[in-house]
Amino acid sequence: MPAKKLREFLDDQGIPYVAISHQVAYTAKEIAALTHISTKELAKTVIVKIDSALAMAVLPASYEVDLSLLRAATGAKNVTLAKEAEFKDRFPECEIGAMPPFGNLYGMAVYVDESLTKDKDIAFNAGSHNELLQVPYGDFERLVKPKVLKFSGLADVESLVAWHL
């Protein structure tokens, strides 16, 4: 069970969570549709390199990381998307692309987009492509201690669709 480390951590901390199983899906938008969770409340974890250090950028599924905003917000010289080969060994119990946003369990800084902090609960991949965990955002913030910044916006396609509605 990929989520074992995360579940043990949450249990040890007394954090309530809901496990949500779903059909295998690889994109946050597919997962949101399968689980009927709003793409604003479904958090996706993007691995980035900030001045050569790996970090997690956590944002709503319907948003995209703006690397220039993240660079400005962190004061970094360089911010790039990390390549799979650069981080796959950091998450041995997780399927690639399904890492939970708990950088504290993996020795990584975590940056949360401020838009995610407005939700009472957040849901996220639990280490596999067919299971989510949902926790109160306040508990997540207290455990992970992420840096809250503004570094994302709606994906272009969705913003165009929303504009036409």
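Does H36 count as buried or exposed, and at what relative accessibility? At 74% relative accessibility, H36 counts as exposed; the cut-offs are under 20% relative accessible area for buried, over 50% for exposed and partly exposed in between, with a 1.4 Å probe and protein chains only.

1. Basis of the note. This is a predicted model, in which local features need pLDDT of at least 70, side-chain atom pairs count only at pLDDT 80 or more, and totals for chains, interfaces and linings use all residues. Residues are numbered from 1 along each chain as its sequence is written, and side-chain values use heavy atoms, with hydrogens and water left out.

2. Overall make-up. The protein has six helices and ten strands. Helices (H or I, at least four residues) and strands (E, at least two) are DSSP runs, numbered from the N terminus. The C-alpha trace spans about 40 × 35 × 30 Å along the principal axes of the protein. For 165 residues, a compact globule would have a radius of gyration near 15 Å, and the value of 15 Å for the protein agrees with this. That radius is taken over C-alpha atoms, and the globule rule is 2.2 Å times the number of residues to the power 0.38.

3. Of the 165 residues in the protein, 47% are buried. The accessible surface comes to about 8,400 Å², and 52% of that surface belongs to carbon and sulfur atoms. Accessible areas come from the Shrake-Rupley method with a 1.4 Å probe; for residues, only the protein chains shown count as cover. The protein has 18 positive and 22 negative charges, with mean positions 5 Å apart. Lys and Arg count as positive and Asp and Glu as negative, while His and the chain ends are not counted. Each charge is placed at NZ of Lys, CZ of Arg, CG of Asp or CD of Glu.

4. Contacts along the chain. Taking contacts between residues at least 6 apart in sequence, 66% join residues at least 24 apart. Contact means heavy atoms within 4.5 Å.

5. Helix α2. This helix covers residues 28-35, and its buried residues are A28, I31, A32 and T35. Seen down the axis of α2, these buried residues fall within an arc of 100°, so they line one face of the helix. The arc is that of the directions from the helix axis to the C-beta atoms. The buried residues of α2 pack against strands β1 (18-21), β2 (42-50), β7 and β8.

6. H36, the subject of the opening question, is found in the loop between α2 and β2. Its phi is near 60°, a positive value in a residue other than glycine.

7. Helix α5. In α5, residues 137-144, the buried residues are Y137, D139, F140, L143 and V144. Down the axis of α5 they fall within an arc of 160°, so they line one face of the helix. Their packing partners are α1 (4-12), β6 (109-113), β7 (121-128), β8 (131-136) and β9 (147-149).

8. K145 is found in the loop between α5 and β9. Phi of K145 is near 55°, a positive value in a residue other than glycine. K145 counts as exposed, at 64% relative accessibility.

9. M99. This residue lies in the loop between α4 (84-87) and β6. M99 is buried, with a relative accessible area of 5%. Not counting residues up to four places away in sequence, M99 touches T45, I47, F87, F91, C94 and N125. M99 and N125 are 26 residues apart along the chain, and their C-alpha atoms are separated by 6.2 Å.

10. A126. Strand β7 contains A126, which counts as buried at 2% relative accessibility. From A126 to T45 there are 81 residues in sequence and 11 Å in space, C-alpha to C-alpha.

11. P60. Strand β3 (residues 53-60) holds P60, which is buried with a relative accessible area of 1%. Leaving aside neighbours within four places in sequence, P60 is in contact with T39, K40, L42, K44, S115 and L116. P60 and T39 are 21 residues apart in sequence and 6.1 Å apart in space, C-alpha to C-alpha.

12. S152. This residue is in strand β10 (residues 152-154). S152 counts as buried at 3% relative accessibility. Residues up to four places away in sequence aside, S152 touches L59, Y63, E64, V65, D66, L69, D113 and S115.
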